[in-house]
Amino acid sequence: MFNTTTNVVAMNLRNELRGPRQNTGDWYRYMKEGAESVHSANPNVLVIISGLSYAGDLSFLSQKQLDLTFKGKLVYELHSYSWYRGSANEAGGKYVQGVMRSAGFLLDQGWPLFICEFGADESGTNANDNNFLNCFYGLAAERDLDWALWALQGSYYLRKGQIGVGEVYGLLDPSWGQLQNANFLQRLSAIQPPSHGMLLFKS
């Protein structure tokens with residue numbers, strides 16, 4: 001499992017669980033099995049674990065942590081968009097409260113939390129997304145969040161049966177030749193440098 005590939009540093013378990021059959025009982029069982037399998041196959045990589053509701057909810061971990069045989073290499077992930085629970089269609093304070101309830105409390109417990117997917121309509125005309133970005137940037141700067149942006153591509157070769165569909169959340173324009181919104185990238189660069197030093201893992 002990429003044991004000799006040194007630039008593979010992490011394995012992510014099951015993207016965006018969703019639907020009526022998702023439940024915490026299965027989550028604890030199968031995330032534990034998956035995490036232990038990854039660790040057994042490659043003890044050198046980080047194990048990244050997401051929650052329920054499209055990776056938007058880890059609130060159940062406030063009551064019971066995941067019981068694993070290994071330590072020091074577990075990372076939790078969260079997705080965050082304007083339409084997610086606790087998002088910023090109202091006030092920034094409510095967005096922060098929602099994020100802290102759904103997963104942010106893990107930071108205060110000493111666990112690494114990775115916002116591995118966030119993004120917004122880069123046309124700049126979506127009021128909800130603009131408000132969301134203001135709130136997200138503020139929280140990311142204050143808590144020194146680690147994050148990854150959705151998305152780079154400006155279009156899709158094929159999506160839902162259509163060719164060349166544009167991606168309004170894409171960093172690049174539909175031609176992939178230039179930025180869709182230079183102001184977006186400029187604002188993003190403000191939260192790129194770490195502000196709280198090195199990431200430490202709970203042992």
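Modeller: Let's start with Ser80, which lies in strand S3; strands (E, at least two residues) and helices (H or I, at least four) are DSSP runs numbered from the N terminus. Keep in mind that this is a predicted model, where local features need pLDDT of at least 70, side-chain atom pairs count only at pLDDT 80 or more, and totals for chains, interfaces and linings use all residues. Residues are numbered from 1 along each chain as its sequence is written, and side-chain values use heavy atoms, leaving out hydrogens and water.

Colleague: Is Ser80 buried or exposed?

Modeller: Buried means under 20% relative accessible area, exposed over 50%, and partly exposed in between (1.4 Å probe, protein chains only). Ser80 has a relative accessible area of 4%, so the label is buried.

Colleague: Which residue does the side chain of Ser80 join in a polar contact?

Modeller: A polar contact is a pair of N or O atoms within 3.5 Å; within protein, one must be able to donate a hydrogen and the other to accept it, and residues adjacent in sequence count only if both atoms are side-chain atoms. For Ser80 the contact is 2.8 Å, and the partner side chain is Tyr95.

Modeller: Rings of Phe, Tyr and Trp (its six-membered ring) pair if their centres lie within 6.5 Å; planes under 30 degrees apart count as stacked, over 60 as edge-to-face and the rest as tilted. By this rule the count is 15.

Colleague: What kind of pair do Tyr81 and Trp83 form?

Modeller: Their ring centres are 4.7 Å apart, with 5 degrees between the planes. Tyr81 is buried at 4% relative accessibility, whereas Trp83 is exposed at 55%. The pair counts as stacked.

Colleague: How many residues apart in sequence are the parts that Trp83 and Tyr169 tie together?

Modeller: Trp83 and Tyr169 form a tilted pair, 6.2 Å centre to centre and 45 degrees between the planes. Trp83 sits in the loop between strand S3 (74-80) and helix H2 (92-108), and Tyr169 in the loop between strand S7 (162-166) and helix H4 (182-189), so the parts they tie together are apart in sequence by 86 residues.

Colleague: Which residue lies over the face of Tyr28?

Modeller: A charge sits over a ring if NZ of Lys or CZ of Arg is within 6 Å of the ring centre and within 35 degrees of the ring normal. At 4.6 Å from the ring centre of Tyr28, the residue is Lys64.
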